[in-house]
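This report looks at charged side-chain pairs and at the packing of helices. The sequence and structure come first, and the text follows.

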Amino acid sequence: MLRDYFLNKVEDAIQNAIAEGKLGQMSEYTKGSLPVEKPKNPEFGDLAINVSSLARNAKIAPPMIANAIVENIADKADCEYSVIGGFINFRAGDSLLTDLLKEIYEKKDNFGRPDNIEKEKIILEYVSANPTGPFHIGHGRWAAMGSALANLLKFYGHEVYQEFYINDAGSQIQKLGRSLIIRVKQELGETIDFPEDEIERKNYYPGDYLIPVAKEFIKAHPQLQNDSTNVDTIDLQVYCDFAKEYEEKVQRDLLDKFRVHFDKFYSELTLHNSGKVSECVEKLRKSGKIYEKEGAVWFKSSDFGDDQDRVIKKADGSNTYLTADIAYHVDKLERGFDRMIDIWGADHHGYVARVKASLEALGYDPEKLEILLGQLVNLVINGNEVRMGKRKNMVTLEDLIDEVGVDATRFWMSMRNIDTTLDFDIELAKTNSDENPVFYVQYAHARACSIIRNAINDRIDTETGNTIPAVLSEDEFKNIISEFNKDRALSAVQDGRKLVLKLEEFKQLIKTSAQTRQVYTICRYVQELASEFHSFYNSTRVITEEIELTKSRLSLVWAFKTVLANALRILAVSAPERM
């Protein structure tokens, strides 16, 4: 990476300058203490390092420090170093940029993947909705961001296992079964409806989505054909199981359609039936970390940083949600995962300290658990925010996907940091215009593919039909940037160079995004990359009468296409070759 190259040069020069007594009273330097940044004014250079912080130990002015360091940089060939105040500015030479393009050609789909990392076995849990109805758009955000994060961490080099935790052990399944009974009776002609009383109505799921489930239930039970008298003779659990399995299939089918693939769907019910929940409670009891009060069983979570103790077993003998969560995360660790990453809605923020406290109480490292808290999604139509509860259309994730498509839904859902509320502009997401970010990015890829097709068919290597990488020889690689810079159009040279530098940023982007667990940065990057390419295209004639110049420019187009496709693959957004 250019950042590492530049930083290493400067840090080696600092050590040399200290040894020669050129940095005043400074006697030692800790590597990695100087940040590398992009100058606000690109005319200053590609990268810059502010060495003013060294003045504290050196006891000399920052410009003197910067100049002394530059004087001690070994091998300045093909790169430019300059000093402005306490800043050392760096401008990469042609050979470094050419090496970058060559690296893209050699690594192709693997460009941006680091060579050596401290690999971890990670379990990533997200979505984890109740199997009681269709996904809403909030679930869509967790699905898009979770699967993109999994792709990012895999690309970075980690081993990632994706899991969906099915909340199928609570009272909500009984509510689902009772709701299905009402829908079945309605389908059989009985005059019945859900309670109008608001409190009573909360014990049911009155959504229309159970109507097709009722139709299928009747088909599966011949004794109900045109006869509602037998409805109540069937055990409630039969209705519960049928509705749960039906809704689970609906959810899984939609996840497949949305390009989200889990390694396992983990049932909370199986967790209870295995006895693991009871085992955790007993372990806490033996450790002296639980006590009884007012008939309930309490966990001393305040001993581990929580703001108060928490109930894990109610006075009626039933477990709380926390109890199963404790057992579930212990189970993850016992399966041998080095790290657990969960994506939760922001309304679950109170559970973070509780779960971590329970892990510590049971003797596990709570730092192995990372919780990403996500904010909600607001639908925007014609510039106006739409309250989801008031609108009949587009309430579900499936409605949204059908309206704007998988690519647009995934991209828009990932565009903002997970801790920021997302405004999803439906009308804009459907437009084929530069204002729609996903169209803007995909069109850049299609444009690059078109240029390469035309070049191969009309100008380059028409006999063999080889792709661009096969066209360029080793000697031609060495001349890519120098040939490009021979063009008289200064704007073309500048735009081409900016595009190369933006391609180089992909490597640092992957590292930073993987370490911070952020995928919105990938969306932002591909928009910036597409912008640089469009500027390059508008200022540069790629296919020219000069064969060597054409090859050098085509190499840059091909490199752009490759890197953009790599980034879109992480987002699970398609990279079309024609639009």
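## Salt bridges

The count of salt bridges comes to 33, where a salt bridge is a side-chain nitrogen of Lys or Arg within 4 Å of a carboxyl oxygen of Asp or Glu. The model is predicted, so local features need pLDDT of at least 70 and side-chain atom pairs count only at pLDDT 80 or more, while totals for chains, interfaces and linings use all residues. Residues are numbered from 1 along each chain as its sequence is written, and side-chain values use heavy atoms, with hydrogens and water left out.

Side chains of opposite charge can pair when their charged atoms come close. One network of salt bridges links K38, K502, E505 and E528.

## Pairs across the chain

K31 and D12 form a salt bridge, at 3.8 Å from N to O. This pair links distant parts of the chain, 19 residues apart: D12 is in helix α1, and K31 is in the loop between α1 (2-19) and β1 (36-37). Helices (H or I, at least four residues) and strands (E, at least two) are DSSP runs, numbered from the N terminus. D12 has a relative accessible area of 42% and is partly exposed; buried means under 20%, exposed over 50% and partly exposed in between, with a 1.4 Å probe and protein chains only.

In the salt bridge of K257 with D402, the closest N and O atoms are 2.7 Å apart. K257 belongs to helix α9 (residues 236-257) and D402 to helix α14 (residues 397-404), 145 residues apart. K257 is partly exposed, at 37% relative accessible area.

K283 and E334 also meet in a salt bridge (3.9 Å, N to O). Here helix α11 (residues 276-286) holds K283 and helix α12 (residues 321-334) holds E334, 51 residues apart. K283 is partly exposed at 41%, and E334 is partly exposed at 47%.

## Helix α23 and its partner

Helix α23 (residues 547-571) has 25 residues and spans 36 Å from its first C-alpha to its last, close to the expected 36 Å, which is 1.5 Å times one less than its number of residues. Of the 25 residues in α23, 22 are buried. A572 follows α23 and has a positive phi, near 60 degrees.

Helix α22 (residues 520-539) packs against α23 at about 160 degrees, with the axes 10 Å apart. Axes are lines fitted to C-alpha atoms, for helices over the stretch in contact, and angles run from 0 to 180 degrees between N-to-C directions. The two helices α22 and α23 are therefore roughly antiparallel, a term for angles over 145 degrees.

Methods: Parallel < 35°, antiparallel > 145°, perpendicular 65-115°, else oblique.
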